[in-house]
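Please read them with the structure open.

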Amino acid sequence: MSELKGKIDFTLFISVSNANPNGDPLNGNRPRINLDGYGEISDVCIKRKIRNRLQDLGQKIFVQSDDRADDTCKSLKERADSNEKLKAEMGKKKKANRDVCASLACEEWIDVRGFGQVFAFKGEEVSFGVRGPVSIHQAVSLSPVEVISMQITKSVNSEAGKESKASDTMGTKHRIGFGVYKVMGSVNVQLAEKTGFSQEDAELLKQALQTLFENDASSARPEGSMEVCKMYWWQHKEKTPAVSSGRIQRGFSVCDVAAPKKFEDYQIDWKLDGCVEPEVFDFV
């Protein structure tokens, strides 16, 4: 495993067509929008998809979805205990070395050394945290989005009996007609050195981002309704480049579109003097 060559910045433009990219559970699972009408996708949602893709690529993941678990562990505590070295070190209780615990966790799971993780379990005297080098912003749409709601009904009773809900129980399903979202992120070298996040891990992250919605289809997100359309990847030579991540993201210019129907309706350009040229992946 080789050390990270330099700081990394990345940007993805993803399209959503007749799908719910990230429902808000406190708002009837409606697609998230801000007060100005722009669509949003939480950073937690994006990290979940990255973890799933890294898992598909054969990497060990600590925070796994229950429906995608590839081991017999039923909780994070069980998964942590499945690492014998980590379990032995944490078993020393007050004498446990938290730095050693963090190092063992980072060595075992790529999402721990990438995103970081808090290890704090009920009944355990030892707790520790790992601060990861990979940071992800919440995604925001380039234009305001329209939320479309559809009334639906069940076609069968859930349970038999008088008190059960009838088969014609009403429900509501929400979706975005069309939208293009911008995802931003970076990889910090100083933190990568502490967690052991390597250049090979960065290449796996790049591959996961390019295929972010593979094996992610659901009723709310039918196959092909969400896709990565364009990706920018900046591999800097320095640990701390002269050009900040904020300036890099402000280097984008996007033309205003009144009623976008497809990704090609947008004219997206990037230019910033004094910055390394990005590796651009165009999937449209």
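1. The side chain of glutamine 64 has a polar atom 2.9 Å from the backbone oxygen of isoleucine 61. A polar contact is a pair of N or O atoms within 3.5 Å; within protein, one must be able to donate a hydrogen and the other to accept it, and residues adjacent in sequence count only if both atoms are side-chain atoms.

2. This is a predicted model, in which local features need pLDDT of at least 70 and side-chain atom pairs count only at pLDDT 80 or more, while totals for chains, interfaces and linings use all residues. Residues are numbered from 1 along each chain as its sequence is written, and side-chain values use heavy atoms, with hydrogens and water left out.

3. Glutamine 64 sits in the loop between α1 (43–56) and α2 (76–81). Helices (H or I, at least four residues) and strands (E, at least two) are DSSP runs, numbered from the N terminus. Glutamine 64 counts as buried, at 10% relative accessibility; buried means under 20% relative accessible area, exposed over 50%, and partly exposed in between (1.4 Å probe, protein chains only). Setting aside neighbours within four places in sequence, glutamine 64 is in contact (heavy atoms within 4.5 Å) with Arg48, Gln55, Ala69, Asp70, Asp71 and Arg79.

4. How many salt bridges does a search of the whole structure find? The search finds 17, a salt bridge being a side-chain nitrogen of Lys or Arg within 4 Å of a carboxyl oxygen of Asp or Glu.

5. Aspartate 216 belongs to the loop between α7 (199–210) and β11 (226–235) and lysine 49 to helix α1, so the pair ties together parts 167 residues apart in sequence. Aspartate 216 and lysine 49 are both buried. A network of salt bridges links Lys49, Asp216 and Arg221.

6. Aspartate 111 and arginine 51 form another salt bridge, with the closest N and O atoms 3.0 Å apart. Since aspartate 111 is in helix α5 (residues 110–115) and arginine 51 in helix α1, the pair ties together parts 60 residues apart in sequence. Both residues, aspartate 111 and arginine 51, are buried.

7. Within helix α2, aspartate 81 and lysine 77 are four residues apart, about one helical turn. Their side chains meet in a salt bridge (2.7 Å, N to O). Aspartate 81 counts as partly exposed at 21% relative accessibility, and lysine 77 as partly exposed at 24%.

8. Glycine 274, in the loop between β13 (268–270) and β14 (279–282), is exposed, with a relative accessible area of 74%.
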